[in-house]
Amino acid sequence: MLHKKFENAKIILASGSPRRQQFLKDLDLDFEIRLKEIEEVFPETLQSVAITDYLAELKASAFDGELLDNELLITSDTLVWLGGKALGKPKDYQDAFQMLRLLSDQTHEVITSVCFKTKNKTETINEITKVTFNHLSDQAIAYYLDNYKPFDKAGSYGIQEWVGLTGISKIEGSYTNVVGLPTEKVYHYLSHFTF
Ligand SMILES: Cc1cn([C@H]2C[C@H](O)[C@@H](COP(=O)(O)OP(=O)(O)OP(=O)(O)O)O2)c(=O)[nH]c1=O
């Protein structure tokens, strides 16, 4: 359905995340991938969704002045929010270990923002999912990090991987949002989108 709606437009996904690329394909969209190097830094005063909104818009701002009339750019950012702290991608193995220890036996939020940018407007949507981890032993954390190396993932875990399959007892809200794109909201937004 979306395929037809956008047949005269060009959708650009500025994301290196294979999960986001696959989700957009599965939404029946034709798109081109254009990547830019962005340093993902945000002001310390920001909290929760304001951080992911800011970073999704920052990723889009790299295309300022470049978009043609029929082009729609999509960028996105995901982070884990626990006890008033943002957990992004880990710096290294130790950082990842600490993050998973923090997430153990706790409920956290996974927040994803998606920015839609055209030549004339920028709009951002976001979604929050609550995820509860069981107890993660140090042995389980080490096994997961050694075998899955989730260093490209916010909070140092993938819900779609071993630790998610074995360690998560409850999720409230959108699953795809945790994996990096709130597909239901994106579909709804694009269904109503006009240039
Ligand atoms: C919590 C969680 C995150 N993730 C991923 C989603 C995002 O790809 C990543 C967070 O990093 P992001 O900075 O949001 O995205 P990215 O660097 O992967 O891609 P780009 O900026 O080019 O769009 O973590 C999972 O795959 N599973 C999970 O369970």
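1. In this note a residue counts as buried when its relative accessible area is under 20%, as exposed when that value is over 50%, and as partly exposed in between, with a 1.4 Å probe and with the protein chains only. The structure is a predicted model, in which local features need a pLDDT of at least 70 and side-chain atom pairs count only at pLDDT 80 or more, while totals for chains, interfaces and linings use all residues. Residues are numbered from 1 along each chain as its sequence is written, and side-chain values use heavy atoms, with hydrogens and water left out.

2. A nonpolar core is here a set of buried Ala, Val, Leu, Ile, Met, Phe, Trp, Tyr and Cys residues joined through side-chain atoms within 4.5 Å. In soluble globular proteins, nonpolar side chains tend to be buried together. The largest such core has 41 residues, and those with the most contacts inside it are Phe-116, Tyr-157, Val-186 and Leu-190. Helix H4, which spans residues 93-103, gives the most to this core, with 5 residues; helices (H or I, at least four residues) and strands (E, at least two) are DSSP runs, numbered from the N terminus. A second, separate core has 8 residues, among them Ile-12, Ala-14, Leu-67 and Cys-115. When neighbours within four places in sequence are left aside, Leu-190 is in contact (heavy atoms within 4.5 Å) with Leu-2, Lys-5, Phe-6, Leu-29, Leu-72 and Phe-116.

3. At the N-terminal end, Asp-92 caps H4, with a side-chain oxygen 3.3 Å from the backbone nitrogen of Gln-94. After the helix comes Asp-105, whose phi is positive, near 65 degrees.

4. Not counting residues up to four places away in sequence, Ser-104 touches Phe-133, Asn-134, His-135 and Leu-136.

5. The ligand has 21 residues around it, of which Ser-15, Arg-20, Lys-59, Lys-89 and Ile-159 come nearest; a residue is included if one of its heavy atoms lies within 4 Å. An oxygen atom of the ligand is 2.6 Å from a polar side-chain atom of Lys-59, and an oxygen atom of the ligand lies 2.8 Å from a polar backbone atom of Thr-78. For Gln-160, a polar side-chain atom is 3.0 Å from an oxygen atom of the ligand. On its own the ligand has 610 Å² of accessible area, and the protein covers 92% of it, by the Shrake-Rupley method with a 1.4 Å probe, where for residues only the protein chains shown count as cover.

6. Lys-89 belongs to the loop between E4 and H4. Beyond its neighbours within four places in sequence, Lys-89 is in contact with Glu-40, Asp-95, Met-99, Phe-151, Asp-152, Lys-153 and Ala-154.

7. If a salt bridge is taken as a side-chain nitrogen of Lys or Arg within 4 Å of a carboxyl oxygen of Asp or Glu, the count comes to 17. Lys-10 and Glu-32 form one of them, with the closest N and O atoms 3.0 Å apart; since Lys-10 lies in strand E1 (residues 10-13) and Glu-32 in strand E2 (residues 32-33), the pair ties together parts that are 22 residues apart in sequence. Lys-10 is partly exposed at 33% relative accessibility, and Glu-32 is partly exposed at 26%.

8. Two further salt bridges can be set side by side. Glu-161 pairs with Lys-153, the closest N and O atoms being 3.2 Å apart; Glu-161 is buried at 15%, and Lys-153 is buried at 9%. Lys-170 pairs with Glu-172 at 3.7 Å between the closest N and O atoms; Lys-170 is partly exposed at 46%, and Glu-172 is partly exposed at 43%. Salt bridges that share partners also join Lys-10, Glu-32, Arg-34 and Glu-71 into one network.

Definitions and conventions:
A polar contact is a pair of N or O atoms within 3.5 Å; within protein, one must be able to donate a hydrogen and the other to accept it, and residues adjacent in sequence count only if both atoms are side-chain atoms.
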